[in-house]
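Please work through the following exercises with the sequence and the structure in view. Each task is followed by a solution in steps.

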Amino acid sequence: MSDFFSAFVDDLPQLRSGLWVTLQATVLGALLALLLSFVLGLMSVSRMLVTRGVSRVVVEFFRGTSLYIQLFWLYYAMPPLTGYELTPLLCGVVAFGLNYGAYGSEVVRGAISSVPRAQYEAAVALNMTPLHRMRKVIIPQAWVQMIPSFTNLLIQLLKCTPLLWLISAADLMTVIQQLRDRTGETLTAYLTLLVAYFVLAYALTLLMNLLERSAKRRLGLPTGAGSLLHSRSATEAVASATGGAR
Amino acid sequence: MNGFDWNAARDALPLVLEGFRVTLLATALGTLVAAVLGLAIAVAGRAPSRFVTVPVRAVMEFIRSTPLLVQLVGAAALFTAVEPLTIGIVVLGVHYAAYTSEVYRAGIDGVPKGQWEACRALSLTPRRTWQAVILPQAVRNVLPALGNYAISMFKETPFLAVITVQEMVFEARKYGADHFAYTEAFTLAGLVFLVASYPTSLLMRKLEKRLGH
């Protein structure tokens, strides 16, 4: 046990860079996913059949083929097929972004359709343009409802980043695996790794809780002061499980 | 080595389908473990003593917030004597039980309070109360959610390849490495996934609508 922790201290620079890779993959992947969620989600509430159809096909494709296969396809299968090669980290970001963007688009669609119908009608009555209506009336209200589900997806995305180890990006998992191989402390190494991910997940949840609070405050809704420290994966799990087939 | 080699795809297909059998087996058994264990945890989480409920919930929270891949690799490294497929099924089952237990909990909370009171009034034993009154009502409501978790689990079974379970992705990767045909092998595996999971999620959506969710 002490072997492991003295090696741990010696390897701090590598650990820091591993943590950095994991965080980069999580944050950049999440940003790409957020962008795609909105593009695909807004397309799916469009009045044009073609736009809705394209969004549907893209979403079903990326949800239906497993993330694991998408990542490996980008890493192993794309270079010989197209001649382009992505760095491992970029492969991860693209795969996470596409996969979670597809799940996120359902969140956006659900939240937008849950905004009361009267809000649309009022905006129409006030002669707002469709863009103005979306930006000023619909999205701000839908956004509050999206955040809890996005938190859930973000945690799931974080939990997928150890896959980077398999395509030889030097993420947190890779670094701690190397420590384990050197010290032979299997149990300590994996427990440390699990605790590290738990702490990251909790930190991300707290940030998202803050975001939700400020979004609620902007709408003048009660913020529920006590809920800030809550880790809410449990309630979200139920919401996302019952909120449509995944 | 440019373009898509149809001959390689044809050669890889039987292997990929062979691996798919293991994928289905792991999903079915993993779902079974998750469904049974999740129920047990949900009932334990309602125990009268805090010494039981608090640790149970803390452990479930920890399992939910940490990556499945690390749990799998860690378990495989610790229990080297156990067969990889068994480890895979148990870890998948336990991981998803952490989620399904919450689904059951919501289902149990959804049973009207009057039902509990009626059971007390009839002086049923706790066992009879759960068995004859609460669970039949709770389980019916949670079936669609459990189905969705089964689909999720199906899409995460490729993780088992990492601990050398010979499921579909393991076979695809092996074929790719042996014949230098990753493109064909992984494309096939992806298509098999798509063909299998899309109709299932359509079916689940129908079931949900019928049960009025």
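**Exercise 1.** Determine how many helices and strands chain B has, and do likewise for chain A.

*Solution.* Chain B contains eight helices and zero strands, where helices (H or I, at least four residues) and strands (E, at least two) are DSSP runs numbered from the N terminus. Its elements, read from the N terminus on, are α-α-α-α-α-α-α-α. The C-alpha trace of chain B spans about 75 × 40 × 25 Å along its principal axes. Chain A has ten helices and zero strands, and its C-alpha atoms fill a box of roughly 70 × 50 × 30 Å along the principal axes.

The model is predicted: local features need pLDDT of at least 70, side-chain atom pairs count only at pLDDT 80 or more, and totals for chains, interfaces and linings use all residues. Residues are numbered from 1 along each chain as its sequence is written, chains are lettered from A and ligands numbered from 1 in the order in which they are written, and side-chain values use heavy atoms, with hydrogens and water left out.

**Exercise 2.** Describe the interface of chain B and chain A by its contacts and its buried area.

*Solution.* Begin with the contacts (heavy atoms within 4.5 Å): 48 residues of chain B touch 44 residues of chain A. Next, take the buried area, which is the accessible area (1.4 Å probe) that two parts lose on being put together, summed over both. The two chains bury about 4300 Å² between them, with 68% of it on carbon and sulfur atoms. On the side of chain B, the residues that lose the most area to chain A are B:Val70, B:Lys155 and B:Phe186, together 13% of what that side buries.

**Exercise 3.** State which helix of chain B supplies the largest share of the side that touches chain A, and classify the residues of that side.

*Solution.* Helices H2, H3, H4, H6, H7 and H8 of chain B each supply at least two residues. The largest share, 14 residues, comes from H8(B). By class, the side of chain B has 27 nonpolar, 14 polar and seven charged residues; Ala, Val, Leu, Ile, Met, Phe, Trp, Tyr, Cys and Pro count as nonpolar, Asp, Glu, Lys and Arg as charged, and the others, Gly among them, as polar.

**Exercise 4.** Find how the axes of H9(A) and H3(B) are oriented to each other.

*Solution.* The axes, lines fitted to C-alpha atoms over the stretch in contact, with angles from 0 to 180 degrees between N-to-C directions, come within 10 Å and cross at roughly 170 degrees. The helices H9(A) and H3(B) are therefore roughly antiparallel (angles over 145 degrees). Among the residues that meet there are A:Leu187 and A:Tyr190 in H9(A), and B:Val70 and B:Val73 in H3(B).

Terms used: Angles under 35 degrees count as roughly parallel, over 145 as roughly antiparallel, 65 to 115 as roughly perpendicular and the rest as oblique.
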